[in-house]
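Here is a walk through one protein chain, taken a piece at a time. Keep the 3D view open and follow along.

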Amino acid sequence: MAKRNLLIIIIVLLFWGCNKHTRETEVSVPMDRVILTAAIKIGIDTNTVQRTQRNGSIYYTIPVKDFKEIDETDIEIKRLAKDFGLSYRGVISSSRNRLRNAYWSPADDQYAIVEIFQKETPRFTMTINPPNMPLLCIIIDDFGQYNGPLLDSFCLLDKAVAFAVIPGLPFSNVAIDKAIKSGREVIVHIPMEADSNANPGNNAIFSHLNEREIYHRMNIYFDNNKFAIGGNNHMGSKITSNKRLLRSVFRYMQEHDYYFIDSKTTPNSVVREIALEMGVAYESRDLFLDAPDSTDAVLYDCLRELQRLKNNKNRALVITHCFDKGRLQRLQIFINEAKKMGFQLVPPSQYVIKGTAV
């Protein structure tokens, strides 16, 4: 095994060196060797493999010819990663045409994010099977304030249910880790100033900040949640109704190709206008499952509204919160009833459509 791995490393280093003029960087970390070795074995043109570094992590994008090759490449990378001492940390997002996984390198003390995708497919695609099945996206907000049995119970929900984690709270990293290990998407619950006196946190996006300061705070949020490929607003009525402030937020989202979910905390939201203007993938909440209160009456009102959305839009985006067992139980009832209506539950990355959200 040792001789085999040494031979692989020599081949990769020679190959990489011969093609160095096509690269931004040389092979320098174990995951570089893993990715290139896998590409050579599968028959992928290594000149199409991209490597970038941001927020302290290394990102790889690997275009392949079809969904079968996605699986083959994924299996080979996992096998080689184990040989090179890397730890597989879980799926960040997946669809028929795209897979995004996370790995941890103890030797380099950093994450590697590996994205394998079918050529000429958009990053955000709807996976619909059968074609006319109505889509349901569910996001649970405000994770990060606690750990324990309640968090573990939320992790047992359908894997398509996404967790929105507030950055910088005592158990934010725990919630992120458990969400990824349970196979679900995790997004940044971006703290933003509200029109009211509600407190979004000291490190939130406030209206007095300039563009540079907003960008810096956004970078901190996503640096603390390396698995996120999108975000939604925590509070934020004052920010999402202000075009100048929202452009500053979306400049970061646009640069990093993240999607944005509008929690619709104000009827004056300009998210749709600015997202379309800047080409940011977005969607908007249709229902709060626990507002104005978390009660059975509100739940059944939401189920009636869900039926209306099915008839009118054939899709719905629902947000609830992680505060207590009652919300968890009502959410499970809601999911069961939605599936009886014929809804297909999908994660946010398969629900948003860049530039054409409804």
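## The chain at a glance

Counting up the secondary structure of the protein chain gives 11 helices and 15 strands. Keep in mind that this is a predicted model. The protein chain has 358 residues, and 54% of them count as buried. If you look at contacts between residues at least 6 apart in sequence, 70% of those join residues at least 24 apart.

## A five-stranded sheet

Let's start with an open sheet of 5 strands. Reading across, the order is β1-β2-β5-β4-β3, and the pairing is mixed. Which strands stand at the edges? They are β1 (50-54) and β3 (87-95); each has a single partner strand, so one side of each is left without a neighbour in the sheet. On average, neighbouring strands here are turned by 20 degrees against each other, direction ignored.

As a reminder, strands of a sheet pair through backbone hydrogen bonds, either parallel or antiparallel. Strand β2 gives you both kinds. With β1 it runs antiparallel, and 5 bridges join the two. With β5 (residues 110-118), β2 (residues 57-64) pairs in the parallel sense, over 7 bridges.

R54 has S57 in β2 as its bridge partner. On the β5 side, I58 stands opposite A112, and T61 stands opposite E115.

Helix α2 (residues 30-42) packs on this sheet, where it touches β1, β2, β4 (98-105) and β5. The direction of α2 makes about 0 degrees with that of β2. How much of β2 is covered? Most of it: 7 of its 8 residues are buried.

## A buried glutamate

Is E69 buried or exposed? With a relative accessible area of 7%, E69 falls under the 20% cut-off, so it counts as buried. Leaving aside residues up to four places away in sequence, E69 touches I42, I44 and V64.

## Helix α8 and its two partners

Now move along to the helices. Two packed helices are described by the angle between their axes and the distance between the axes.

| Helix pair | Axes come within | Crossing angle |
|---|---|---|
| α6 (residues 211-223) and α8 (residues 243-256) | 9 Å | roughly 45 degrees |
| α8 and α9 (residues 271-278) | 10 Å | roughly 45 degrees |

Take α6 and α8 to begin with. Their angle makes α6 oblique to α8, and the crossing is right-handed. From α6, the residues in contact are E211, I214, Y215, M218, N219 and F222; in α8 they meet L245, S248, V249, R251, Y252, M253, E255 and H256. By class, this contact has 8 nonpolar, 3 polar and 3 charged residues.

Then there's α8 with α9. On the α8 side the contact is made by K243, L246, R247, F250, R251 and Q254, and on the α9 side by V271, E273, I274, A275, E277 and M278. The residues of this contact divide into 6 nonpolar, 1 polar and 5 charged.

Notes
Residues numbered from 1 in each chain as written. Predicted model: local features only at pLDDT ≥ 70, side-chain atom pairs only at ≥ 80, totals over all residues. Heavy atoms only, no water. Pairing = 2+ DSSP bridges. Helix = DSSP H or I, 4+ residues; strand = E, 2+ residues; numbered from the N terminus. Axes fitted to C-alpha atoms, helices over the stretch in contact; angles between N-to-C directions. Contact = heavy atoms within 4.5 Å. Parallel < 35°, antiparallel > 145°, perpendicular 65-115°, else oblique. Left-handed = near helix turned anticlockwise from the far one by under 90°. Nonpolar A, V, L, I, M, F, W, Y, C, P; charged D, E, K, R; others polar. Buried < 20%, exposed > 50% of the residue type's maximum accessible area, 1.4 Å probe, protein only.
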